Amino acid sequence: MEEQLKCLHCGFEYKVTTDPKKGLHERVCPKCKSNSVRRLPEKKE
Amino acid sequence: MAEEELRIGVFVCDCGLNIAGSVDTEEVRLSAEKLPDVTVSVRNRYTCADPGQAEIKRYIKEYNLNRVVVASCTPRLHESTFRKCVEDAGLNPYLLEMTSIREHCSWVHLYDRESATKKAKDIVKIAVARARLLQPQHEMEIPVTDAALVIGGGVAGIQAALDLADAGHQVYLVEEKPSIGGIMAELDKTFPTMDCSICVLGPKMMDVGRHPRINLMDYSTVESVSGYVGNFKVRIRRKARYVDETVCNVCGKCAEVCPVVLPDEFQQGFSSRKAAYIAFPQAVPSAFLIDMEHCLGNKPVACAKCMDACEKKCIDLHAQDRITEVEVGAIIVATGMDVYDPAQLDEYGYTLFENVITSMEFERLICGGGPTEGHLVRPSDHKTPKRIGFIQCVGSRTENRGNPYCSNVCCMNTVKDSLLIKEHDPEAEIVVFYMDIRAFGKGFEDLLRRSRDAGVRYIRGLPGEIREDPVTKNLLVKVENTTTSRIEQYDLDMVVLSVGMEPKASLKKLMSVLNLSQTSDGFLMEAHPKLRPVDAPTPGIFYAGCVEAPKDIKDSVTQAGAAAARSSILLNSAVLKGEAIKAIVDLEKCNSCGVCARVCPYGAMKVDIKAKSGAQVVAAACAGCGTCAAECRFDAITMQHFSDAQVLAQIEAALENDPEQKIITFLCNWCSYAAGDLAGVSRMQFPPNNRFIRTMCSGRVDESFILRAFEKGAPVVLLSGCHLGDCHYISANHWTMRRADKLWNKLEKLGIRPERLQLEWISAAEGARFAQIMRELEEMRQKVTVDEMAYGRKVIAEQRRKAEKEPEVEDELTDAAKV
């Protein structure tokens, strides 16, 4: 499953592919290493 | 009942110059004196020292204090000291509130006395606000049943049972197979000592069989477990053997006459057994049984030749499974592992080519007690193989087909097997294809050297394919030797696949019965991988052997001893002191939605959703994380000692004055609070604008706490806890993360920048990171405008008022409810 993530610390946006079966994983911003990484809601068409 | 008049004593510690050096403690004391319900405010040079404690006791008596606030070092250091102190003076220990003005203030604001003093005054104010709402708490006393259940009769279960029984405890050892012994009983020799496996294990099996304090329940399974630490009730199904093992004298006449011939599982299918059989010659209990699944039938009896042949008349073809219930105080899970089945790897031709076998099959082929009586032959023509290949890491260290982890034992097992072949036939040519050889244990490198010295060739590279010569049944193996970078081809008589270990297929069911979790590799999750490696997260349950991770015999036995010792500590206690910080349910508010039960990492909440009878807390199982209280949409759950009212009072106290200058920071007791302590001890400086609120777990931080902080004008809020996977409460912080996601969406909907809520996982070792985060939060705080703070206050206050008027549940379910 592809997720759109946004770091609420530095503003960096990126996408990751996750496997819901594998459970939750710690989100870390690849740029600033903050954990304040928000999963952006899917945009309604 | 009349409300008790609050009489709070505040004790401000100088800690020599540790606090007084950068905080004006007299000003803090004077400020505390003016706080509501404070009867007396005292300054001590060293509050933790005997004179300081004596002073607290004296003031409690003189001023008839009923709440005590100590503002000194971190509660992680001296909370228990001061709890004992106030208890000695006749107060309930939970009427103490301790707060840190050292690690979280004086030591991190060394060069700004004015700001440090201002912050210390706030810290005391926050503590007094909480102290006003403290209630006496009582640690539960739980009686302990002096008996243990050991599930699994392999070497780990055997060792754990013997250790516990020798220590004087009653043990119920449950083994699903007709005999104990496990995988070790099937091995020929053990590494690195090359001992005969059954010669080492057999005497221990016998000891189990005749130990007066071990009740061996062979051919049995655990059906259900209820209760909690110290008081488990276990329901065990004892499958019918159809032979009375107490009478059977193992004459074997039943097997002689039995007409049903089946593959012998113990011999890996290389020989046969009858439907009337004994698991293996050294089996314990030493008795035959009837394999009713393959017997010609007992309803009605179709054959009965075994009954006729049995002189002891101990066969009853109408025997039934029996259900037994036992009560135990501790449970050791030692159910072992399964061996990887390489049939799915087409390239190696296992099951297609007769002379491709697994390492477990090899054990039986070379064992003196095996189908060939120890003569090594290959399956296709029963000739002695002269050229034998071993392929390592089959089913291990692969992401695609198999398992990603190293199975720990396969390298040394192959080294051992190569030496066994050389003992049988020194001229045999042996090639081992490997990725890495992991010879890390005591005596392992010596054994590997012996193997190389004996002429065994180790080729670095795994074959891509095995092909069979249809005439000779020889095997052609092509491999890239990565040491020489050449493609090499080998013509071999037999290939042994060194298969890895994996979690038992039946483990899921047991996990559900015992409420256990697994790590990403599928093995059972420990309470803490370093500090409590044999404890399950569920109190009173321990692990031994490969059920926790792949390991060799020595490590399994070591872990079994550790699990027995941990269980023994528990069983030796007449009573257990239970956690005082627990959830309680208001049944009038509870609507039995079941969310609390779903989020509780300990299975401590029981809800009958259909009966709508309300949630019940299994007090002995509740560890006090507070996730249930944070997730309950009906505010039906109160966390004792960390109630909503207490936390909200802290937030309001922190933000009563100059809220725009303050950052509200929620810290979990075990990691992020400890990281703050480390920052303090290391004198890492950061701006003084943060106000810390401690909860036992980040999972306790209710959505309403964060919204209240914004409503009261906080520019920025930090939610912090242990890293995922390190949570002191198993997985409670997963709910923190989900809640943060939900809150960010909610804030955005309300028109509040989600960036104002920050989330950070900070381990107890990350003091520097803690300080850095505090500095960054201050930068963030300065960017929040007065207008947006005012807007946030207004919109959240409006929403709260609306919700109070219309107490109907919010527009969306919690994540937990959606699961």
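A residue counts as buried here if 20 or more other C-beta atoms lie within 10 Å of its own. In this predicted model, 51% of the 819 residues of chain B count as buried. Chain B has 24 helices and 38 strands, and its C-alpha trace spans about 95 × 65 × 55 Å along the principal axes. Among contacts in chain B with a separation of 6 or more, 74% are between residues 24 or more positions apart.

In soluble globular proteins, nonpolar side chains tend to be buried together. The largest nonpolar core has 129 residues, and B:Ala160, B:Ala161 and B:Ile332 touch the most other members. Helix 7 of chain B, residues 155-166, supplies the largest share of this core, eight residues. Leaving aside residues up to four places away in sequence, B:Ile332 touches B:Ala148, B:Val150, B:Ala160, B:Phe542, B:Ala544, B:Ala563 and B:Ser567. Another core, of 123 residues, lies apart from the largest one; its members include B:Val68, B:Val69, B:Ala674 and B:Ala714.

B:Phe542 is also among the residues touched by B:Ala536. B:Ala536 lies in the loop of chain B between helix 14 (507-514) and strand 29 (541-543). B:Glu103 is 433 residues from B:Ala536 along the chain, and the C-alpha atoms of the two are separated by 33 Å.

Helix packing is the next feature. In chain B, helix 6 (residues 113-131) and helix 18 (residues 644-654) pack with their axes 8 Å apart, at an angle of about 150°. Angles over 145 degrees count as roughly antiparallel, so helix 6 and helix 18 of chain B are roughly antiparallel to each other. Their crossing is right-handed. On the side of helix 6, the contact is made by B:Asp122, B:Lys125, B:Ile126, B:Ala129 and B:Arg130; helix 18 contributes B:Gln646, B:Ala649, B:Gln650, B:Glu652, B:Ala653 and B:Ala654. The residues of this helix contact divide into five nonpolar, two polar and four charged.

Finally, there is the contact between the chains. Chain A gives 12 residues to the contact and chain B gives 14. The side of chain A that touches chain B consists of three nonpolar, five polar and four charged residues.

Notes. Residues are numbered from 1 along each chain as its sequence is written. Chains are lettered from A and ligands numbered from 1 in the order in which they are written. This is a predicted model: local features need pLDDT of at least 70, side-chain atom pairs count only at pLDDT 80 or more; totals for chains, interfaces and linings use all residues. Axes are lines fitted to C-alpha atoms, for helices over the stretch in contact, and angles run from 0 to 180 degrees between N-to-C directions. Helices (H or I, at least four residues) and strands (E, at least two) are DSSP runs, numbered from the N terminus. Angles under 35 degrees count as roughly parallel, over 145 as roughly antiparallel, 65 to 115 as roughly perpendicular and the rest as oblique. A crossing is left-handed if the near helix is turned anticlockwise from the far one by less than a right angle, and right-handed if clockwise. Two residues are in contact if their C-beta atoms, placed from the backbone, lie within 7 Å. Ala, Val, Leu, Ile, Met, Phe, Trp, Tyr, Cys and Pro count as nonpolar, Asp, Glu, Lys and Arg as charged, and the others, Gly among them, as polar. A nonpolar core is a set of buried Ala, Val, Leu, Ile, Met, Phe, Trp, Tyr and Cys residues joined through C-beta atoms within 7 Å. A residue is buried if 20 or more other C-beta atoms lie within 10 Å of its own, exposed if 12 or fewer, and partly exposed in between; C-beta atoms are placed from the backbone.
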